[in-house]
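Hello,

Here is the structure for you to look over. My notes follow below it.

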Amino acid sequence: MKYSYFPGCSLEKNAAAYHISSMAITGPLGIDLQEIDDWNCCGATEYISLNLTASYALIARNLAQATKNPDSKQVVAPCSACYLNLKKCDRYMAESKKLSEKVNQALAAGGLSYKPGTLKVRHLLDVVVNDVGWMR
Amino acid sequence: MTVVATQARAPTFFKQVIAATPGECHLERCIQCGTCGGSCPSGNDMDHTPRAIFAMIEAGMKEEVLKSNTPWYCVSCYYCMERCPQEVHITDIMYTLKRIAVQEKLYDSSTAPDFSKTFINWVENYGRAFELGLMSMHMLKHNPFGVFKIAGMGVGMVTKGRMAFTPTRIRDIDGLKSILEKAKELEVSA
């Protein structure tokens with residue numbers, strides 16, 4: 001099972017324990033996490049407090065980067081804040097044509113684009129429970 | 001009585017909040033049950049609970065709402081949103097209130113908006129969050145003596161490999177900067 005992987009800033013350092021244990025279990029469980037190339041911060045809860053379009057463009061850049069992975073249409077994030085931001089971005093872009101247009105205009109400035117619904121955003125625990133299953 | 005009724009139906013601010021919130025936020029569905037305030041871990045510290053804030057939005061009390069500390073005390077745990085029987089997107093509305101308050105310079109005197117700005121500054125220039133830089137810049141600006149208080153914790157985190165000394169820059173930072181610049185232009189023209 002192959003997935004695009006979004007580690008998030010916290011897992012790099014202050015939540016390193018979470019990262020190490022995630023890496024330790026995913027291999028034996030047959031979960032192949034492929035880190036999204038050149039991913040950026042999801043903006044946490046701070047960016048959206050100041051600028052809506054920029055905050056969604058920041059998140060969408062990660063989704064656009066993930067679409068470049070030919071092996072998987074699913075993005076896995078272990079951090080609950082990153083997971084939520086990625087998931088919300090995909091959903092609200094699908095719900096609001098205006099937001100989707102603006103985000104894509106912004107992404108175009110960096111040579112990228114993202115069509116909502118292209119990827120399925122999932123939490124690592126969701127993958128462990130539903131794809132690997134309780135019985136393993 | 002007529003005046004009160006007119007005020008209660010004054011839709012301008014109510015409509016502004018809904019329009020500025022992405023997706024279907026369902027603010028109009030609120031039945032004032034108070035489940036949100038009762039679930040909120042920061043409820044005690046807020047000037048008004050989310051339930052009260054929603055009633056005030058509907059009553060057109062724009063200034064009181066935007067000057068309230070309520071949205072800035074929201075910790076984004078989404079417990080209210082999870083429990084709301086009417087599926088009101090409470091947390092998203094709190095983000096909207098923060099944005100409008102910052103745009104209209106009406107936010108309360110807390111340092112929270114500035115914390116967001118410092119956080120974002122690192123992200124805009126490096127593409128990743130940088131905690132040591134965020135904390136030291138924020139503390140030096142708002143509470144310089146507080147640095148000594150948390151220095152011990154900082155040293156502990158660094159020795160345990162939990163905090164980086166230098167920020168990480170993503171490869172295509174120029175691309176990210178162009179994207180964010182364009183996004184900000186679009187936000188202003190909205």
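Contact here means heavy atoms within 4.5 Å. By that rule, A:Gln65 touches A:Ile36, A:Asp37, A:Asp38 and A:Leu112, leaving out residues up to four places away in sequence.

Some ground rules. This is a predicted model: local features need pLDDT of at least 70, side-chain atom pairs count only at pLDDT 80 or more, and totals for chains, interfaces and linings use all residues. Residues are numbered from 1 along each chain as its sequence is written, chains are lettered from A and ligands numbered from 1 in the order written, and side-chain values use heavy atoms, without hydrogens or water.

More on A:Gln65. The residue sits in helix α3 of chain A, residues 52-66 (helices are DSSP runs of H or I, at least four residues, numbered from the N terminus). A:Gln65 has a relative accessible area of 7%, so the residue is buried (buried is under 20%, exposed over 50%, partly exposed in between, with a 1.4 Å probe and protein chains only). Its side chain makes a polar contact of 2.8 Å with that of A:Lys68 (N or O atoms within 3.5 Å, one able to donate a hydrogen and the other to accept it; residues adjacent in sequence count only if both atoms are side-chain atoms).

Next, the core. The largest nonpolar core has 88 residues (buried Ala, Val, Leu, Ile, Met, Phe, Trp, Tyr and Cys, joined through side-chain atoms within 4.5 Å). Its largest share, ten residues, comes from α3(A). B:Ile93 is among the residues with the most contacts inside this core. B:Ile93 touches B:Phe54 and B:Ile57, among others.

Last, chain B again. B:Met135 lies in helix α10, residues 131-142. At 32% relative accessibility, B:Met135 is partly exposed.

Best wishes

Definitions and conventions:
Helices (H or I, at least four residues) and strands (E, at least two) are DSSP runs, numbered from the N terminus.
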